[in-house]
Amino acid sequence: MNKPLRRVAIFCGLLMLALLVRNNWIQYAQAGKLSTDEKNRRVAIERYATPRGDIIVDGEPITGHKTTGGDFAYKRTYKNGAMWAPVTGYVSQAFGANQIESIEDGILTGNDDRLFFRNTLDMLTGKKKQGGNVVTTLSGAAQKAAYNGLKKQGAKGSVVALEPSTGKILALASYPSYDPSTIAGNSLETDAKAWEKLQKKNNPDDPMLNRALREVYPPGSTFKVVTAAAALEHGMVEDADQKTDTPLPYIMKGTTTELKNEGNLPCEDATLREALRVSCNTVFGKLGTDLGNDKMLETAKKFGFGEEHFTPVRSSASLFDKDMEPSQVALSSIGQFNTAATPLQMAMVAAAIANNGTLMKPYMVDELQTPGLDTIEKTDPEKFSEPVSPENAQILQSMMETVVKDGTGTNAQIDGVTVGGKTGTAQHGENNSKNPYAWFISYAKTDDGSAPVAVAVVIEDENAVRDDISGGGLAAPIAKSVMEAVLKSKQ
């Protein structure tokens with residue numbers, strides 16, 4: 001063989017060797033990675049080859065499935081999809097999944113390692129693989145009351161209801177919402193068009209935004225409950241009926257600017273109870289300034305501010321700033337300036353006070369089940385913190401109950417039930433140019449003194465007459481209906 005042919009032969013041999021090495025590398029070393037790669041169509045075909053497990057509320061599925069006749073044999077369906085979307089999220093053949101549908105995908109598809117034994121038995125018996133179930137903590141009655149209340153209002157908003165003693169999420173509603181069934185498939189004619197219509201760039205209402213967990217708002221006067229807690233915990237005030245040293249007008253420290261109240265209120269040297277009842281900005285602004293940034297921040301953190309919360313769906317972190325000037329602390333202490341909170345966070349504030357000072361971690365997955373309904377994993381309630389002592393929690397309860405009995409929260413009264421609450425009307429926009437947010441946080445007590453439910457409601461009504469917007473007028477009636485729904489279900 002002459003030299004040129006030998007060189008060609010060697011080169012071709014090296015190419016063959018490289019091809020064999022590459023082929024073996026792909027078949028063996030990369031097999032696991034490629035078999036689960038999202039771009040591998042076989043993965044998607046296998047994922048939708050069998051019915052998906054269900055998400056359960058009150059013992060009944062709020063999800064389902066139907067056959068498609070295509071490569072993807074089954075697609076997801078939802079019952080009352082728009083009402084439950086903030087809980088379930090979506091799973092789509094074209095656009096993936098989010099929230100519980102994504103977080104618990106392994107259980108729902110049957111691919112979780114904890115279902116290996118069950119899947120092996122099914123394979124041996126010739127039975128098709130099935131997905132397991134996700135059992136939630138949600139109350140159908142509470143969720144319906146929350147969603148219908150928002151829908152009736154016709155404005156953007158959200159509701160969160162918690163069981164204070166455990167942290168169970170009983171309602172998690174957001175409005176406007178969307179039906180995940182409309183994007184569950186992969187049709188260009190239907191699902192893709194529906195997806196485009198739901199995107200914020202095409203729909204300013206942003207119906208896919210989970211306002212209960214992901215949106216942060218200035219909490220307005222509902223934050224005064226946190227400031228009152230800080231004042232009690234740090235010994236600034238010892239009793240709800242002790243007069244405070246609050247001048248009227250009150251000029252914020254380090255400025256020549258007066259911190260004003262909403263209207264002609266009896267706020268001069270008002271007691272803590274009276275200041276919460278009529279919602280005195282001056283009293284709580286001065287208390288926050290006198291306590292100082294560090295002590296206010298410490299208390300806010302104990303209530304959960306500054307942390308993301310995983311329910312298991314992630315909730316955005318609420319904010320109370322640090323390194324502020326005294327005037328900024330004053331504004332922050334009445335829920336303005338940079339203070340911002342999710343509805344979940346403010347429900348946690350109400351729940352901690354209702355639970356005599358103990359804050360439980362919020363969660364909405366009660367247990368994971370096999371297809372045969374055996375329990376794989378059960379969530380145990382877990383304490384988050386103790387923001388206030390039991391004694392101070394009871395003082396705060398008495399103050400919040402005064403707000404509902406004869407203060408700004410009378411629209412939340414329930415016959416024969418003790419209700420505590422706090423209204424809030426939070427400034428919004430540059431120089432308060434936009435309509436404010438209407439807030440209400442509350443809890444309801446039963447005859448034995450326990451509190452089965454705490455609620456936070458926020459309403460963004462851009463079309464309302466500005467003077468008609470108030471937490472007591474817009475948000476309190478929704479909170480009342482949610483509390484009534486939970487109380488009725490406990491009977």
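## Buried strands and crossing helices

Of the 491 residues in the protein, 53% are buried (under 20% relative accessible area with a 1.4 Å probe, protein chains only; exposed is over 50%, partly exposed in between). The model is predicted: local features need pLDDT of at least 70, side-chain atom pairs count only at pLDDT 80 or more, and totals for chains, interfaces and linings use all residues. Residues are numbered from 1 along each chain as its sequence is written, and side-chain values use heavy atoms, with hydrogens and water left out.

The secondary structure comes to 17 helices and 20 strands (DSSP runs numbered from the N terminus: helices are H or I with at least four residues, strands are E with at least two). Contacts (heavy atoms within 4.5 Å) with a separation of 6 or more come to 68% from residues 24 or more positions apart.

These are the elements discussed below.

| Element | Residues |
|---|---|
| Strand β1 | 55–57 |
| Helix α8 | 140–153 |
| Strand β8 | 156–162 |
| Helix α10 | 224–233 |
| Helix α13 | 293–302 |
| Strand β20 | 453–460 |

**Strand β20.** Strand β8 pairs with β20 in the antiparallel sense over 7 bridges (pairing takes at least two DSSP bridges). K156 has E460 of β20 as its bridge partner.

The 14 residues of α8 should span 20 Å at 1.5 Å a residue, and the end C-alpha atoms are 20 Å apart, which agrees (the expected span is 1.5 Å times one less than the number of residues). Buried residues of α8 include G140, A142, Y147 and L150. Just after the helix, G154 takes a positive phi of about 70°.

V57 lies in β1. V57 is buried, at 5% relative accessible area. V57 and G140 are 83 residues apart in sequence, yet 6.5 Å apart in space, C-alpha to C-alpha. Beyond four places in sequence, V57 touches I62, W84, T136, L138, S139 and G140.

**Helices α10 and α13.** Their axes come within 9 Å and cross at roughly 115° (lines fitted to C-alpha atoms over the stretch in contact, with angles from 0 to 180 degrees between N-to-C directions). That makes α10 roughly perpendicular to α13 (65 to 115 degrees; under 35 is roughly parallel, over 145 roughly antiparallel, the rest oblique). V226, T227, A229 and A230 of α10 meet M296, T299 and A300 of α13.
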